[in-house]
Amino acid sequence: IEKSRKRFIREGQAAARLSHDAVTTVYSVGGIDKARPYIEMEYIDGPNLEELLQSRGPFEVSEACSLLAQVASALVAAHEQNIVHRDVKPANILVENATGDATLTDFGVAAILQTGDAELTRLTRDDERLGDPLTGQSDIYSLGVVAYELLTGSGPFDEAELADMAAAHIRRAPPEPSLRNPAIPQGLSQIIKQCLAKKPEHRPRAKDLVRRLLNPESEDALQATSSSPSLFQELKQRKVYQAAAAYAAIAFVLLQVVDLLLQPWPELNVFYQLAVIVAVVGFPITIVMAWVYDLKQGKLGQTEHDTR
């Protein structure tokens, strides 16, 4: 009971440190007694995004961008206070009926990265999830999942088992959002993919994300001016030139070894000829197999930044 009480108080203390239009305001934190702590907070008259998704399906692009930008701005305020929400999801984003504005709520599993209270810090660490190191970029990934759901009606992965779902988030690239909803502009699709980058350092910061979501047209213009990589660019990006040079050097050495071994038996020169043929055709076959794999994984045509 004592541990639960401290977790409850921690939620109130974390949220009370934030003052932002897109964060539910906490008025007071206290307790009637040790068994009955309370948090007095702002009441938002409206449903959450999960309820809205169930009742109306995917959102229009402009409305989704506006809501996501508001949530991103709430994360800016939280991260500036060294607070990571850790549970950004549609059910924790309220939409006020009167204004249509988004409000991020429920900091119940929020982690306070820097605090003078060692017990609070310990409690947050007890909960840490398998995955990213605990930074603000964890929230950006979660917001990317929310964006995917808002615009397509479903998450990036739909595995039935929780373990399979977690493995997909860790290992697999999500399907292109615009393939599930053609109304999503390529620029916005690119923003979502960057939020879902596997490495935290490759995701945009919350502050940059607000700016980009408020002006998605500039993202579309940027996408329009960057053509698909040419064959030579694709070869260079995938370091085929370096691989070819290394392969040639190794093949040359192996052929020399085979030649030396077969010198006492001239009648076996046919094996040397076969070794030459294998060395010549082996490299292109290897490259083609690698590209077929990349094609199935949806990696061909991505930029170097996307494939890190």
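Me: In this predicted model, at roughly what angle do the axes of α5 and helix α8 (residues 186–195) cross?
Reply: Two packed helices are described by the angle between their axes and the distance between the axes. In this predicted model, the axes of α5 and α8 come within 8 Å, and they cross at roughly 140 degrees. An angle over 145 would count as roughly antiparallel, so the arrangement of α5 relative to α8 is instead described as oblique. The crossing is left-handed, and its angle is roughly 140 degrees.

Me: How many nonpolar residues are there in the contact of α5 with α8?
Reply: On the α5 side the contact involves Ile140, Tyr141, Gly144, Ala147, Tyr148 and Leu151, and these meet Leu188, Ile192 and Cys195 in α8. Sorted by class, the residues of this contact include 1 polar and no charged, and the nonpolar ones number 8.

Me: Which word describes the direction of α3 relative to α5, roughly parallel or roughly antiparallel?
Reply: Helix α3 (residues 61–80) packs with helix α5 (residues 136–152), their axes being 11 Å apart and the angle about 165 degrees. Because angles over 145 count in this way, α3 and α5 are roughly antiparallel.

Me: What is the handedness of the crossing of α3 and α5, and how many charged residues are in the contact?
Reply: The residues Val61, Ala64, Leu68, Val71, Ala72, Leu75 and His79 of α3 meet Gly136, Asp139, Leu143, Val146, Ala147, Leu150 and Leu151 of α5. By class, this contact has 11 nonpolar and 2 polar residues. The crossing of the two helices is right-handed, and the number of charged residues in the contact is 1.

Me: With which residue does the side chain of Arg56 make a polar contact?
Reply: Arg56 belongs to helix α2 (residues 49–56), and its relative accessibility of 40% places Arg56 among the partly exposed residues. Although Arg56 and Gly153 are 97 residues apart in sequence, their C-alpha atoms are 9.3 Å apart in space. The polar contact is made side chain to side chain, at 2.8 Å, and the partner of Arg56 is Glu63.

Me: Is Arg86 buried or exposed, and what is its relative accessibility?
Reply: Most residues other than glycine have a negative phi. Arg86, in the loop between β3 and β4 (93–95), has a positive phi of about 75 degrees although it is not a glycine. Since buried means under 20% relative accessible area, Arg86 counts as buried, with a relative accessibility of 7%.

Me: What is the relative accessible area of Asn82?
Reply: Asn82 is found in the loop between α3 and β3 (83–84), and its phi is positive, near 60 degrees. Asn82 is partly exposed, and its relative accessible area is 27%.

Me: What share of the 308 residues in the protein is buried?
Reply: The protein has 14 helices and 6 strands. Among its contacts between residues at least 6 apart in sequence, 67% join residues at least 24 apart. Of the 308 residues in the protein, the buried share is 39%.

Conventions: Residues are numbered from 1 along each chain as its sequence is written. This is a predicted model: local features need pLDDT of at least 70, side-chain atom pairs count only at pLDDT 80 or more; totals for chains, interfaces and linings use all residues. Side-chain values use heavy atoms; hydrogens and water are left out. Axes are lines fitted to C-alpha atoms, for helices over the stretch in contact, and angles run from 0 to 180 degrees between N-to-C directions. Helices (H or I, at least four residues) and strands (E, at least two) are DSSP runs, numbered from the N terminus. Angles under 35 degrees count as roughly parallel, over 145 as roughly antiparallel, 65 to 115 as roughly perpendicular and the rest as oblique. A crossing is left-handed if the near helix is turned anticlockwise from the far one by less than a right angle, and right-handed if clockwise. Contact means heavy atoms within 4.5 Å. Ala, Val, Leu, Ile, Met, Phe, Trp, Tyr, Cys and Pro count as nonpolar, Asp, Glu, Lys and Arg as charged, and the others, Gly among them, as polar. Buried means under 20% relative accessible area, exposed over 50%, partly exposed in between (1.4 Å probe, protein chains only). A polar contact is a pair of N or O atoms within 3.5 Å; within protein, one must be able to donate a hydrogen and the other to accept it, and residues adjacent in sequence count only if both atoms are side-chain atoms.
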